[in-house]
Amino acid sequence: MTTVSVPGVPAIEDGELISTNPATGELAGRFPVADADDVARAVGQARVAAKWWAGLGFAGRRTRLLRWRSVLANRIPELAALSRLETGKPIADGVVEAVSAIDHLDWAARNAKRVLGPRRVRGRLVIAEFSAHLEYQPYGVVAMIAPWNYPVLTPIGAFGYALAAGNAVILKPSEYTPAIGQWLVDTFAEVVPEHPVLQAVHGLGDVGATLCRSGVDKVAFTGSTTTAKKVMAACAETLTPVVLEAGGKDAMIVDSDADLDAAAEACVWGALTNAGQTCIGIERAYVVEPVYDAFVAKVVAKASRLTVGPEDTDLGPITMPGQIEVIRRHIDDAISRGGRAVLGGPDAVAPPYVRPTILVDVPEEAAAVREETFGPTLTIARVADADEAVARTNAVSYGLGASVFGRRRAVEIAGRIRSGMAAVNSSLTFVGMSTLPFGGVGDSGFGRIHGADGLREFGRSKAVTRRRGPSVLPSMTFERTSAQVERIIKAAKIMYGR
């Protein structure tokens with residue numbers, strides 16, 4: 001077994017990025033670090049590939065993307081094992097992530113023509129002599145800067161749609177998960193060997209910054225809000241459009257008529273899956289007074305049964321070692337402000353692992369309530385009613401997802417939450433729904449991946465009009481007469497003046 005001094009921390013040695021398991025230090029892979037010339041070369045190759053790929057049309061791309069989907073589906077155990085090696089996440093989590101990614105790829109390939117293909121658009125009487133149609137053309141070269149926490153689902157949920165739309169893609173995997181990113185690129189090349197339609201460039205943050213300034217036609221980014229702002233600033237230099245999926249501080253609201261067993265189960269899953277390293281993870285719960293005590297007891301009972309460790313457990317290690325100090329700080333701050341740990345607590349932080357920690361009586365100004373924790377922690381707060389729960393939920397700067405449990409008012413409550421997505425009587429389920437858009441508001445970013453909106457995100461809309469007869473009311477010409485202008489005025493009064 002090859003080991004490094006700091007397991008899980010990316011290292012560069014002899015021009016190569018070294019990736020290791022965060023718990024054991026086992027080597028996951030070594031990959032050449034891209035410099036500015038390498039990035040420029042990749043972009044140049046992608047431009048040639050993009051023309052060929054776009055030229056295949058929707059049918060040709062669909063055939064190849066579905067072929068890649070089949071390769072992925074038949075190699076799920078291999079991909080899940082690689083995910084466990086590089087991130088430490090349990091095999092079962094890797095399987096679920098891979099299956100969800102494959103479903104997104106399948107939907108994008110099958111629906112790209114329907115969503116993006118040319119179609120007639122109904123015109124208006126004032127210029128009835130013209131027909132109209134709309135089409136979406138690929139940008140050309142799309143850069144994807146991917147995260148480490150879901151290194152299969154998140155990239156495919158963006159670049160899979162970009163590929164279906166006709167773009168070539170350059171993937172910059174997280175420096176914590178380059179092996180998984182390269183595996184995706186290599187398997188794609190097995191079914192699309194003609195041109196480098198999907199490439200990877202490896203390295204630290206400076207490589208991502210170079211990619212943003214490389215002249216690509218669009219950048220898709222998933223990661224922290226702090227880094228999203230840097231990406232946007234770099235892209236602003238060349239007016240390169242971006243889609244940003246940044247951090248979250250998602251909440252669950254539990255109303256008085258909720259099914260508490262179902263709510264507790266969904267809350268534990270939403271808060272603790274992937275060791276809490278989920279941008280749409282439930283980090284806060286607001287529970288109305290009558291059911292608060294029962295809900296807390298059920299959550300603690302379920303969370304306390306979860307196992308933590310390297311093999312055959314529910315929760316694996318914290319993938320990014322530096323995140324452990326953030327988690328520790330949030331727990332310590334919550335307790336110093338009067339909060340109580342009804343499960344876990346400061347002693348739950350035992351690098352590279354953090355055991356589930358449930359905090360109550362935490363003031364709203366605490367870091368554990370205001371800032372993204374990205375660990376297996378949850379704050380549960382007592383509220384008088386659902387209206388107070390909504391107000392507290394909306395009081396943070398993030399607005400990614402949310403969850404609401406209840407019967408009579410649940411859908412209405414979900415609609416009042418300032419977020420891009422919401423799940424009613426479930427948690428996180430919107431990410432697996434390939435027909436729905438995914439994205440946030442506020443500090444959680446903007447733009448959408450997934451679904452029809454995700455396909456449109458990677459195509460430029462192009463409007464086309466065509467004359468189909470003489471103008472009855474000629475307006476857009478210097479040849480119009482005074483009498484014709486008077487007829488235009490009369491027509492406007494008839495159509496719009498009542």
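Trainee: What makes the largest cavity a cavity, and what is its volume?
Mentor: On a 1 Å grid over the protein atoms alone, a cavity is a set of points where a 1.4 Å probe fits but cannot get out. The volume of the largest cavity is about 60 Å³, where a volume is the space filled by probe spheres set on the points, and the points are joined across faces, edges and corners. Its lining has 15 residues, with Arg284, Tyr398, Gly399, Gly401 and Arg418 closest to the centre; a lining residue has an atom within 4 Å of a point. This is a predicted model, in which local features need pLDDT of at least 70 and side-chain atom pairs count only at pLDDT 80 or more, while totals for chains, interfaces and linings use all residues. Residues are numbered from 1 along each chain as its sequence is written, and side-chain values use heavy atoms, with hydrogens and water left out.

Trainee: How do the residues of that lining divide?
Mentor: Into five nonpolar, six polar and four charged. Nonpolar covers Ala, Val, Leu, Ile, Met, Phe, Trp, Tyr, Cys and Pro; charged covers Asp, Glu, Lys and Arg; the others, Gly among them, are polar.

Trainee: Why is Thr379 called buried?
Mentor: Buried means under 20% relative accessible area, exposed over 50%, and partly exposed in between (1.4 Å probe, protein chains only). Thr379 has 7%, so the residue is buried. Thr379 is part of strand S17 (residues 377-383). Leaving out residues up to four places away in sequence, Thr379 touches Glu283, Arg284, Ala285, Leu359, Val362, Ala368 and Val369, contact being heavy atoms within 4.5 Å.

Trainee: Which helix gives the most to the lining of the second largest pocket?
Mentor: H4, with four residues. The second largest pocket contains about 380 Å³ of space and has 21 lining residues, with Tyr150, Leu153, Ile280, Leu428 and Val431 nearest its centre.

Trainee: How many aromatic pairs are there, and why is the pair of Trp68 and Phe159 named as it is?
Mentor: The whole structure has seven aromatic pairs. Rings of Phe, Tyr and Trp (its six-membered ring) pair if their centres lie within 6.5 Å; planes under 30 degrees apart count as stacked, over 60 as edge-to-face and the rest as tilted. Trp68 and Phe159 have ring centres 6.2 Å apart and planes at 20°, so this pair is stacked. Trp68 belongs to helix H2 (residues 57-74) and Phe159 to helix H5, so the pair ties together parts 91 residues apart in sequence. Trp68, at 0% relative accessible area, is buried, and so is Phe159, at 1%.

Trainee: Is the pair of Trp148 and Tyr176 stacked or tilted?
Mentor: Tilted, because the planes stand at 55°, with the centres 6.4 Å apart. Trp148 is in the loop between strand S6 (141-145) and H5, and Tyr176 in the loop between strand S7 (168-172) and helix H6 (178-191), 28 residues apart. Trp148 is buried at 10% and Tyr176 at 15%.

Trainee: How do you know that the charged end of Arg61 sits over the ring of Phe58?
Mentor: The rule asks for NZ of Lys or CZ of Arg within 6 Å of the ring centre and within 35 degrees of the ring normal. Arg61 is 4.9 Å from the centre of the Phe58 ring and counts as sitting over it. Lys218 also lies over a ring face, that of Phe458, at 5.9 Å from the ring centre.

Key:
On a 1 Å grid over the protein atoms alone, a cavity is a set of points where a 1.4 Å probe fits but cannot get out, and a pocket is an open set with protein on both sides within 12 Å along at least five of seven lines; lining residues have an atom within 4 Å of a point. Helices (H or I, at least four residues) and strands (E, at least two) are DSSP runs, numbered from the N terminus.
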